[in-house]
Amino acid sequence: MNGRKGYLNPFPWFAMKNKATVKLRKFKPGDLDQILKIEKACFSKTDAYSKRKFKLLFKARHNFIVAEKANEITGYMIAKVKKNLLDFVSIAISKRHQGLGIGIILMKFIINYSKACGIKKASLEVKTTNKKAISFYENIGFKIKKTVKKYYRDGKSAYLMEKSL
Ligand SMILES: CC(C)(COP(=O)(O)OP(=O)(O)OC[C@H]1O[C@@H](n2cnc3c(N)ncnc32)[C@H](O)[C@@H]1OP(=O)(O)O)[C@@H](O)C(=O)NCCC(=O)NCCS
């Protein structure tokens, strides 16, 4: 994904689950305003990433993928690869498009791609109070490994969740 040799660029990628047909493609700076709107609606003030943070994540060349439906961004996902580990940084789907399968499409896309690149494990942190996200990750096969106390800026704890690829 990040220019690895020997793999075709998989974008754009079209996928469908339930009522959702989306186009997946790489993030481009012109998407930022739409992404920030989704971010603000989905996360609390202390948890939402700023414009600057998104720009830094883009610059760092992590896997930054957006899902698009009729030219509207419906969600995004950022994941970094560290050695043999796929580490999810963030995912959010616009409120209007939640529950349609778009989150699953984004997660499965990067998981399958990483697997094909030889990556063995995926991990992420999720707020222990975010029940919806926890069941979303469990549905994909992630398991809670431990609690990381005071992981978030508001002092709340995270679960570290992992999945073998
Ligand atoms: C969590 C989130 C990314 C899920 O994306 P989504 O597109 O709404 O989820 P999907 O439609 O792909 O759902 C896939 C599975 O997740 C689970 N799930 C989704 N919504 C759920 C809900 N409200 N309650 C319980 N489980 C839920 C179900 O197992 C579902 O599978 P099913 O459709 O076969 O029942 C999305 O709701 C979101 O953006 N939330 C706000 C931001 C956030 O919390 N991000 C995670 C930070 S760690």
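**Entry 1: helix H1**

Helices (H or I, at least four residues) and strands (E, at least two) are DSSP runs, numbered from the N terminus.

Then I looked at the other side. Ile35, Ile38 and Glu39 of H1 are buried. They sit on the same side of H1 because they cover an arc of only 100 degrees around the axis. The arc is that of the directions from the helix axis to the C-beta atoms. What covers these buried residues? The cover includes helix H2 (51-59), S4 and S5.

**Entry 2: what kind of model this is**

I noted that this is a predicted model, in which local features need pLDDT of at least 70, side-chain atom pairs count only at pLDDT 80 or more, and totals for chains, interfaces and linings use all residues. Residues are numbered from 1 along each chain as its sequence is written. pLDDT is the predictor's confidence in each residue, from 0 to 100.

The mean pLDDT of the protein is 91, and 89% of its residues reach 70 or more. Residues 2-8 have a pLDDT below 50, and beyond near neighbours in sequence this stretch has four contacts in the model. Two residues are in contact if their C-beta atoms, placed from the backbone, lie within 7 Å. Where pLDDT is low, the predicted coordinates should not be read in detail.

**Entry 3: the overall layout**

I listed four helices and eight strands. From the N terminus on, their order is β-β-α-α-β-β-β-α-β-α-β-β. The protein has 165 residues, and 26% of them are buried. Among contacts with a separation of 6 or more, 59% join residues 24 or more positions apart.

**Entry 4: the nonpolar core**

Which residues touch the most other members of the largest nonpolar core? Of its 33 residues, they are Ile65, Ala67, Tyr76, Met77, Leu106 and Ile110. By nonpolar core I mean a set of buried Ala, Val, Leu, Ile, Met, Phe, Trp, Tyr and Cys residues joined through C-beta atoms within 7 Å. Several elements give two or more residues to this core, including strand S2 (20-26), helix H1 (32-42), strand S3 (63-69) and strand S4 (72-82). H3 gives the largest share, six residues.

I followed Ile110 further. Leaving aside neighbours within four places in sequence, Ile110 is in contact with Asn63, Ile65, Met77, Ala79 and Leu86.

Of the 18 residues around the ligand, Gln98, Gly103, Ile104, Phe136 and Asn139 come nearest. Strand S5 (85-93), helix H3 (102-116) and helix H4 (131-140) are the elements that give two or more residues to this shell. H4 supplies the largest share, five residues.

By class, the shell has 10 nonpolar, seven polar and one charged residues. Here Ala, Val, Leu, Ile, Met, Phe, Trp, Tyr, Cys and Pro count as nonpolar, Asp, Glu, Lys and Arg as charged, and the others, Gly among them, as polar.

**Entry 5: two positive phi angles**

Most residues other than glycine have a negative phi. Arg61 has a positive phi of about 60 degrees. Arg61 lies in the loop between H2 and S3, and counts as exposed with 11 C-beta neighbours inside 10 Å. Phi of Asn71 is near 65 degrees, also positive. Asn71 is in the loop between S3 and S4. With 6 C-beta neighbours inside 10 Å, Asn71 counts as exposed.

**Entry 6: single residues**

Beyond neighbours within four places in sequence, its contacts include Val22, Ala67, Ile93 and His97. Thr74 and Ile35 are 39 residues apart in sequence and 8.7 Å apart in space, C-alpha to C-alpha.

I ended with Arg25 in strand S2. Arg25 is partly exposed, with 16 other C-beta atoms within 10 Å. Arg25 and Phe11 are 14 residues apart in sequence and 5.4 Å apart in space, C-alpha to C-alpha.

Technical notes
A residue is near a molecule or strand if its C-beta atom, placed from the backbone, lies within 6 Å of it. A residue is buried if 20 or more other C-beta atoms lie within 10 Å of its own, exposed if 12 or fewer, and partly exposed in between; C-beta atoms are placed from the backbone.
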